[in-house]
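Please read them alongside the model.

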Amino acid sequence: MTSVMWFRRDLRLADNPALRAAADDGPVLPLFVLDDRLWGPAGPSRRAYLAASLRSLDASLRQRHAGLAVVHGDPVEQVVAAARAAGAGAVHLAADYGPYGSARDEAVEKALADAGIDLVRTGSPYAVAPGRVTNGSGDPYKVFTPFSKAWADHGWRAPVDAPSGGSWLTLEDLRGKDGAGPLHPVDVPDVDLPEGLALPEAGEAAALRQWESFLDDLDAYDEQRNDPGKDATSRMSVHLKYGEVHPRTLLAELGQRRSAGARSYRSELAWREFYADVLAQKPETAREYLRPEFARMTYDRPGEDYDAWCEGRTGFPIVDAGMRQLRATGWMHNRVRMIVASFLVKDLHLEWQHGARHFMRWLVDGDLASNQHGWQWTAGCGTDAAPYFRVFNPTSQGKKFDPRGTYVRRWVEELADPQQVPDPHEPDAETRDLVGYPHPLVDHKAERQESLDRWQAIR
């Protein structure tokens, strides 16, 4: 019996249980659906990276005499049409736990059932699927630390190899078959990047190379990961986002190491899975406050201050460095993400959703669960939230985490010259005028007090 493998957030061959299950059924049609509901809001970074990752997957499949069938349109219509055209008894996929993805898959499952075709879910983008880790009462965890302990105790399966044999179908094999329906095959789109935006290499092979490179420096990760001036983080988030590598593959290697760096990195993977679990349990928190009392706080409307934040013109060097790094690379160091988020919410008094949307437009690793709940953490309204009265001082944060000014000098061109700018974190007014760098957008001390006053009003 033939089957369809519907790729989504699992753009790889190795450690792909759904693909293995499909290959065990017989000839496989590898399928990807370009869905306007996902493509439209993605922004240039994710669109371009996805296109590159699809081309890489297609090249890997062609080595197996297949190729990726890319179609465009409504997933319900396109998946059913592809399955009928292939004479498939089943459509295989990895389960999606996101708000849109889970609803989409339920609709596809119903349509396939009406056509006498099974939808088979095998695995997920996570080491432990959302909903699996619960407390003694069977309820989901609300804070990270007990979740992470239970998550580690639950454990995960070992990685599986890519299918070694099997046979494959292409859209060309299906042309002219009765019952194909309204299939809309397309080429992988070409995406023009905005000037100055450069993205990392995409694909499964690139992901594994990046992981191997990071492992050489893993032992220093715990000590150096908060310094944005050092290349001390894994840069694996984008590869995990698109499933070019599975977290099980990373965890298998981490399990063989006992360093503080390995423990710290495993904790970061646990955070990713925790936020996915929270979003799966409370899908409304993709847009709404996890702690609804914060919706009652007084917020300002986005205006010129918001534009200055987006463009890296706030006059606070560490904030501007982060926002310029985002526009240049589609990525931002995690410590800096917290600093710029705090500035938007607590210095500019804007709701977190404005910043979250901007991040999702430009981040190449933009993951809905991690992004939205990371923002809510900083805004004080999410899980494990930092107490609202802990307002990041962007100047002292810059000095603490970028002590040599390496990060700021790299991304804020006006402050790059140490002879002109001895202190890149706190240049004086004369220096700012000399090099053409903006004066501070706000008085941090005054805005900190304003934030605390607004918070007191809803307590």
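1. The model is predicted: local features need pLDDT of at least 70, side-chain atom pairs count only at pLDDT 80 or more, and totals for chains, interfaces and linings use all residues. Residues are numbered from 1 along each chain as its sequence is written, and side-chain values use heavy atoms, with hydrogens and water left out.

2. The structure holds 21 salt bridges, a salt bridge being a side-chain nitrogen of Lys or Arg within 4 Å of a carboxyl oxygen of Asp or Glu. One of these joins the side chains of R8 and D105, at 2.8 Å from N to O. R8 sits in the loop between β1 (2-6) and α1 (17-25), and D105 in helix α5 (residues 99-114), so the pair ties together parts that are 97 residues apart in sequence. Helices (H or I, at least four residues) and strands (E, at least two) are DSSP runs, numbered from the N terminus. R8 and D105 are both buried, where buried means under 20% relative accessible area, exposed over 50%, and partly exposed in between (1.4 Å probe, protein chains only).

3. A second pair is D114 with K110, whose closest N and O atoms are 3.6 Å apart in a salt bridge. D114 and K110 are four residues apart in helix α5, which means a separation of about one helical turn. Both residues, D114 and K110, are exposed.

4. R313 and E311 also meet through their side chains in a salt bridge (2.7 Å, N to O). R313 is partly exposed, at a relative accessible area of 37%, and E311 is partly exposed at 43%.

5. On the surface, E212, D216, D217, D219 and D231 gather in a patch of negative charge. Patch members have over 30% relative accessible area and no salt bridge, with like charges joined within 9 Å; Asp and Glu count as negative. D219 lies in the loop between α8 (204-215) and α9 (221-224), and D219 is exposed, with a relative accessible area of 57%.

6. Which phi value does R235 have, as a residue other than glycine? Phi of R235 is positive, near 60 degrees. R235 is in the loop between α9 and α10 (237-241) and is partly exposed, with a relative accessible area of 33%.

7. H349 is not a glycine, yet has a positive phi of about 60 degrees. H349 is found in the loop between α15 (334-347) and α16 (352-362). At 4% relative accessibility, H349 counts as buried.

Methods
Patches are made of residues with over 30% relative accessible area and no salt bridge: like charges are joined within 9 Å, nonpolar side chains (Val, Leu, Ile, Met, Phe, Trp, Tyr) within 5 Å. Accessible areas come from the Shrake-Rupley method with a 1.4 Å probe; for residues, only the protein chains shown count as cover. The place of a charge is taken as NZ of Lys, CZ of Arg, CG of Asp or CD of Glu.
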